[in-house]
Amino acid sequence: MWIDTHCHLDAGEFAGEEDAVALAAAKERVSQIVLPAVHVNNFATVAELAHRNTNCSYALGIHPLFVPQAEESDLALLREKVAAAMEDSRFVAIGEIGLDFFIPALRSEPMREKQELFYNEQLKIARAFDLPVLLHVRRSQDQILKYLRRIDVPGGIAHAFNGSDQQAQIFIDLGFKLGFGGAMTFTRALQIRRLASTMPAESLVLETDAPDISPTWVHPERNTPAEIPRIGQVLAELRSSSLEEIAYLTSRNALEALPRLASLF
Ligand SMILES: [Zn+2]
């Protein structure tokens, strides 16, 4: 069995084909696909997709790329929706949240502050409900870690991880797993491949970030969660491990990072 810990099945690229895409992944033994929300307007969509497809679950959160148009009242709405979703077995985490200091429009001082406000407040919601978080970390490792040291959330996943060995180790020490996906299939992605091959086995989870971050054999077409086993094969090669072992340990790690997901098995 396999778990895709990060997939945007509600993205426009999948319009009208969401159920077929989830089913195609199930046929490849992808037993769970976690669908993070990105802004208040898609909370209902990810929840509905997770209820319609037996191999899907969801998270609720406001993504840094959607912070510019978000309003502070969205945080109160998130808290309300999370409180209600605690009754829902398909709801597994707070996400996708984080900081993006790569996109130029998000780098101005006021926008950095707004991002940090939303990130900080969403970490507090995660702590209040004892929920793990799905983190978007882009050119922001140190700031992301600064808040994690202050606000004690019960771990989660640093999605599409790309940082130094030292930063990776700090995430691991704080109880986080590192998400690896299509980026690691490119031979020029030296640092990501090195991390994937050297990080402790218990820190690795797989993800697609579909429809984005397509692996080499799909690029430049859209990525889908059915690619997880083949992405897992690349991880197996990088770690001189067997496919079965990678499937087992990445699934086990995903359930450890997202304990509510375990109730669905
Ligand atoms: Zn994402």
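Let me start with threonine 224, which, once its neighbours within four places in sequence are set aside, is in contact with Phe14, Val21, Thr208 and Ala210. Please keep in mind, as we go through this, that what we are looking at is a predicted model. To give you a sense of distance, threonine 224 and valine 137 are separated by 87 residues in sequence, and their C-alpha atoms are 21 Å apart in space.

Isoleucine 213 is partly exposed, its relative accessible area being 33%. As background, most residues other than glycine have a negative phi, and most peptide bonds are trans. Elsewhere, in the loop between α1 (18–27) and β2 (30–35), there is arginine 29, again not a glycine, with a positive phi of about 70°.

Now to the metal site. Which protein residues are the donors of the zinc ion? They are His6 and His8, each through NE2, together with Glu96 through OE, and they lie 2.1 to 2.2 Å from the zinc ion. Written as a sequence pattern, the spacing of these donor residues is H-x1-H-x87-E. Histidine 6 and histidine 8 are both buried. Glutamate 96, for its part, is placed in strand β4, which covers residues 91–100, and the peptide bond that runs from glycine 95 to glutamate 96 is cis, with omega near 10°.

The largest nonpolar core has 74 residues, and the members that touch the most other members are Leu60, Leu135, Leu148 and Phe171. If we take leucine 135 as our example, and do not count residues up to four places away in sequence, the residues it touches include Ile97, Tyr119, Ile144, Leu148 and Phe171.

Technical notes. Residues numbered from 1 in each chain as written. Predicted model: local features only at pLDDT ≥ 70, side-chain atom pairs only at ≥ 80, totals over all residues. Heavy atoms only, no water. Donors = N, O, S within 2.8 Å, 3.2 Å for Na, K, Ca; no water. Buried < 20%, exposed > 50% of the residue type's maximum accessible area, 1.4 Å probe, protein only. Core = buried A, V, L, I, M, F, W, Y, C linked by side-chain atoms within 4.5 Å. Contact = heavy atoms within 4.5 Å. Helix = DSSP H or I, 4+ residues; strand = E, 2+ residues; numbered from the N terminus.
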